[in-house]
Each structure stands twice: as C-alpha cells, then as structure tokens.
Amino acid sequence: AKVIYFDFDSFIVKDEFKSVVEGNGKALTASGKKAAVEGHADERGSKEYNLALGQKRAEAVVKSLTLVGVKAEQLEAISFGEEKPAVAGQTEEAYAKNRRVELRVK
C-alpha cells in the first residue's frame, strides 16, 4: 500500500499506518529512488486551508519516512488540497478516503 489516511482536520500519522511508512521507507532506501509525497484533503474548508492541510500531511509523511532512513533529497512534499479526490461524494466514507497522502515513486 502506498496510501496513508488521516483523521478529519489532522496531519498526525496514525499508528495503524506506521507499517505502511516503514515498508515504503525500506523500499525507497534500498532502491534510492525518488518519491513524490502527495497530500490531499476532503472538500470541507476553504481551498486555501485544504491546500495548507494537504502540505502539512505530506510533510508529516516525509518526516516519518526520514525517521526510518530515507534521505530527505529522495522526497518531495506536494499538496493538491481538495483538487484530486480519490472518491466523489459528500459522505463520511468519501471524505475519509480523500484525507490522504499518496506516495508516488518516480
């Protein structure tokens, strides 16, 4: 898995996603490849707020990855805010899937 989900209005990497971070961290450390760390938010809140929240989420994952040995120069934190939802809809389930960070290995 290359997706880490977040609680509403939070950029804390939850314990349940530590294994996702560690697994991706080991793969990136071994390969030396670069990865884009893309932060996303659900559509609630202003576009500006969600862009900032997406960036904080991306940066939190970058920090977690560097703590497991990935070099900072391998990672680029980017935010799409609410612009690229994974799921359309205005249900709690859709919102939960849209509050995420996706790792894209280059």
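## An exposed lysine to start with

At 53% relative accessibility, Lys71 counts as exposed; here exposed means over 50% relative accessible area, buried means under 20%, and partly exposed is in between, using a 1.4 Å probe and protein chains only. You will find Lys71 in the loop between α2 and β3. Its C-alpha atom is 8.9 Å from that of Leu28, although 43 residues separate Lys71 and Leu28 in sequence.

This is a predicted model, so local features need pLDDT of at least 70 and side-chain atom pairs count only at pLDDT 80 or more, while totals for chains, interfaces and linings use all residues. Residues are numbered from 1 along each chain as its sequence is written, and side-chain values use heavy atoms, with hydrogens and water left out.

## The overall layout

Let's step back to the whole chain. Three helices and four strands make up its list of elements, where helices (H or I, at least four residues) and strands (E, at least two) are DSSP runs numbered from the N terminus. Starting at the N terminus, their order is β-α-β-α-β-α-β. The chain is as compact as a globular protein of 106 residues, because its radius of gyration of 13 Å is close to the 13 Å from the globule rule. That radius is taken over C-alpha atoms, and the rule is 2.2 Å times the number of residues to the power 0.38. Along the principal axes, the C-alpha atoms fill a box of roughly 40 × 25 × 20 Å.

Of the 106 residues in the chain, 40% are buried. Contact means heavy atoms within 4.5 Å. Among the contacts with a separation of 6 or more, 74% are between residues 24 or more positions apart.

## The nonpolar core

A nonpolar core is a set of buried Ala, Val, Leu, Ile, Met, Phe, Trp, Tyr and Cys residues joined through side-chain atoms within 4.5 Å. The largest one here has 18 residues, and those touching the most other members are Ile4, Phe6, Val13, Val37, Val61, Leu65 and Leu75. Two or more residues come from each of α1 (18–31), β2 (35–40), α2 and β4 (100–105), and α2 gives the most, with five residues.

Take a look at Val13. Leaving out residues up to four places away in sequence, Val13 touches Ile4, Phe6, Lys18, Val21, Ala60, Val61 and Ser64.

## A buried glutamine

Is Gln74 buried or exposed? Gln74 is buried, with a relative accessible area of 8%. Its place is in the loop between α2 (47–67) and β3 (75–81). Beyond its neighbours within four places in sequence, Gln74 is in contact with Leu28, Thr29, Gly32, Lys33, Lys34 and Ala35.

Strand β4 holds Arg104, which is partly exposed at 44% relative accessible area. Not counting residues up to four places away in sequence, Arg104 touches Lys34, Ala35, Ala36 and Glu38. Arg104 and Glu76 are 28 residues apart in sequence, and their C-alpha atoms are 9.9 Å apart in space.

Asp9 belongs to the loop between β1 (3–5) and α1. Asp9 is also partly exposed, at 41% relative accessible area. What is the phi of Asp9 near? The phi of Asp9 is near 60°, a positive value in a residue other than glycine. Most residues other than glycine have a negative phi.
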